[in-house]
Amino acid sequence: MKTNEGITDRVFRMTAGYLILSAFFLIDGNARWFTLIGVVPLLTGLFGNCPLYTLAGISTCEQPKSA
C-alpha cells in the first residue's frame with residue numbers, strides 16, 4: 001500500500017478516531033455502538049493510506065522539491 005496521507009492528515013485522523021472511540025465509554029444505550037466507527041479513521045491514520053483518497057486520486061503527502 002502506498003502512503004497517500006500527509007503527517008497533519010494522519011495526526012488529525014488518529015486523534016479523531018481516538019476521541020470517537022473514547023465516547024464509547026461516555027454514551028449510554030444502543031447509540032454507544034455507533035462510536036465504533038472511530039476505528040476507521042484510527043486505522044487509516046495509523047497505516048497512512050485512505051482507500052477513498054486512492055479512488056479519488058487524492059494525496060496529502062508532501063511532494064519532493066524539484067531542483
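By helix I mean a DSSP run of H or I with at least four residues, while a strand is a run of E with at least two, and both are numbered from the N terminus.

Before going on, a word on where this comes from. This is a predicted model, where local features need pLDDT of at least 70 and side-chain atom pairs count only at pLDDT 80 or more, while totals for chains, interfaces and linings use all residues. Residues are numbered from 1 along each chain as its sequence is written, and side-chain values use heavy atoms, with hydrogens and water left out.

Now the whole chain. What pattern does the protein chain follow along the sequence? Reading along, you get α-α-α, with 3 helices and 0 strands. The radius of gyration is 15 Å, well over the 11 Å that the globule rule gives for 67 residues, so the chain is more spread out than a compact globule. That radius is taken over C-alpha atoms, and the rule is 2.2 Å times the number of residues to the power 0.38. Along its principal axes, the C-alpha trace spans about 55 × 20 × 15 Å.

How much of the chain is buried? Of the 67 residues, 25% count as buried. Buried means under 20% relative accessible area, exposed means over 50%, and partly exposed is in between, using a 1.4 Å probe and protein chains only. As for contacts, meaning heavy atoms within 4.5 Å, take the pairs at least 6 apart in sequence: 68% of those contacts join residues at least 24 apart.

Charges next. There are 5 positive and 4 negative side chains, and the centres of the two sets lie 6 Å apart. Lys and Arg count as positive, Asp and Glu as negative, and His and the chain ends are not counted. Each charge is placed at NZ of Lys, CZ of Arg, CG of Asp or CD of Glu.

Let's go back to α2, residues 39-47. Which of its residues are buried? They're Pro-41, Thr-44 and Gly-45. Seen down the helix axis, they fall within an arc of 100°, so they line one face of α2. The arc is that of the directions from the axis to the C-beta atoms. The cover over these buried residues includes α1 (7-22) and α3 (51-56).

Pick Thr-44 from that group. It counts as buried at 11% relative accessibility, and it touches Glu-5, Arg-13, Asn-49, Cys-50 and Pro-51, leaving aside residues up to four places away in sequence. Thr-44 and Val-11 are 33 residues apart in sequence, yet their C-alpha atoms are 10 Å apart in space.

In the loop between α1 and α2 sits Gly-38. Is Gly-38 buried or exposed? At 0% relative accessibility, Gly-38 counts as buried. Its contacts, again skipping residues up to four places away, are Gly-17, Ile-20 and Leu-21.

Over in α1 we have Ala-16, which counts as partly exposed at 22% relative accessibility. The C-alpha atoms of Ala-16 and Val-40 are separated by 9.9 Å, and the two residues are 24 apart along the chain.

Last stop: Asn-4, in the segment before α1. At 7% relative accessibility, Asn-4 counts as buried. Not counting residues up to four places away, Asn-4 touches several residues, among them Cys-50, Tyr-53, Ile-58 and Cys-61.
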